[in-house]
Amino acid sequence: MRRAETMVHQVLYRALVSTKWLAESVRAGKLGPGLRVLDASWYSPGTREARKEYLERHVPGASFFDIEECRNTALPYEMMLPSEAHFADYVGRLGISNQTHVVVYDGDNLGCFYAPRVWWMFRVFGHRTVSVLNGGFRNWLKEGHPVTSEPSRPEPAVFKATLDRSLLKTYEQVLENLESKRFQLVDSRSQGRYLGTEPEPDAVGLDPGHIRGSVNMPFMDFLTADGFEKSPEELRAMFEAKKVNLAQPLIAMCRKGVTACHIALAAYLCGKPDVAVYDGSWSEWFRRAPPETRVSQWKREKA
């Protein structure tokens, strides 16, 4: 019984907040130790400059969450989780304590790209009161809400991070799962990259393709054309259409563990808060796993 109660308690925390709610909170002067806003934008090198855009305009009171600074750079794979101490120190400097409600957004044209990764990072480090801004900065601007170029200087806080291993999967666990099939494995990359008919963007020495037995649910499909998250009913129907059973264990993956978090968020909105993310994802799998575990239509051009 106790387990069921905890699940309900977890589900009740809202994973999304509206632009209207945030605009009212900003206007009412509620931003502070109890409510912090983070701009978690990241763009491919040579496209847009996230930090520069933050300095030009952001939600008043928002801090810039630099995912490049808050990751484990010692590993050769992309965007790996930092240690508990690193994360705690980083978010503490942004004025976030264990009592803070954190709202994350990004400026991507899709409406939401990197924000769910930061939402999941807080959750994997034991922080439940975290939400994604539904519609993102794109809709914040479109609706005419206030922006500022003034950098935020939050009072540093103390954050204690406790890694929740149930929300994280390692290479070894995913490899073992190929035999045990305890978890369903869902890949959030585009269909072309999953099948191996399109290259991995900006990647050196990384062919496209997928892990044998994984199901493809491209993350863009969870968003409406206007950049909002689809309704729980629509999301549930999408999982059903792919024969993904939300009553059973689920691992999400992508190329580097970022858009996989969109699967975790979509499942959470359907009442399933326990989706684990394979942090190394395809970036690690391609380099480490036995070739027979990889499926791809990719044909390397003969030199």
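Across residues 179–294 the chain is 30% helix and 14% strand, with the end C-alpha atoms 14 Å apart; helices (H or I, at least four residues) and strands (E, at least two) are DSSP runs numbered from the N terminus. This is a predicted model, in which local features need pLDDT of at least 70 and side-chain atom pairs count only at pLDDT 80 or more, while totals for chains, interfaces and linings use all residues. Residues are numbered from 1 along each chain as its sequence is written, and side-chain values use heavy atoms, with hydrogens and water left out.

Annotation
- An unreviewed UniProt entry carries the annotation "domain: Rhodanese" over residues 31–149 and 179–294; such annotations may be inferred rather than shown by experiment.

Largest pocket
- The volume of the largest pocket is about 550 Å³.
- Its lining has 26 residues, and W42, S44, F113, Y114 and K256 lie nearest the centre.
- The lining residues divide into 11 nonpolar, five polar and 10 charged.
- Domain 1 (16–143) and domain 2 (168–295) both contribute to the lining, so the largest pocket lies between them; the domain bounds come from an automatic or database domain assignment.

Largest nonpolar core
- This core holds 58 residues, of which F65, F87, W119, W120, F122, F222 and F239 touch the most other members.
- Elements giving two or more residues to this core include α4 (84–93), β4 (101–105), α5 (115–124) and α9 (232–241).
- The largest share, nine residues, comes from α10.
- Both domain 1 (16–143) and domain 2 (168–295) give residues to this core, so it lies between them.

Terms
- A pocket is an open set of points on a 1 Å grid over the protein atoms alone, where a 1.4 Å probe fits, with protein on both sides within 12 Å along at least five of seven lines; lining residues have an atom within 4 Å of a point.
- A nonpolar core joins buried Ala, Val, Leu, Ile, Met, Phe, Trp, Tyr and Cys residues through side-chain atoms within 4.5 Å, buried being under 20% relative accessible area (1.4 Å probe, protein chains only).

Methods:
Points joined across faces, edges and corners; volume = space filled by probe spheres on them. Nonpolar A, V, L, I, M, F, W, Y, C, P; charged D, E, K, R; others polar. Buried < 20%, exposed > 50% of the residue type's maximum accessible area, 1.4 Å probe, protein only.
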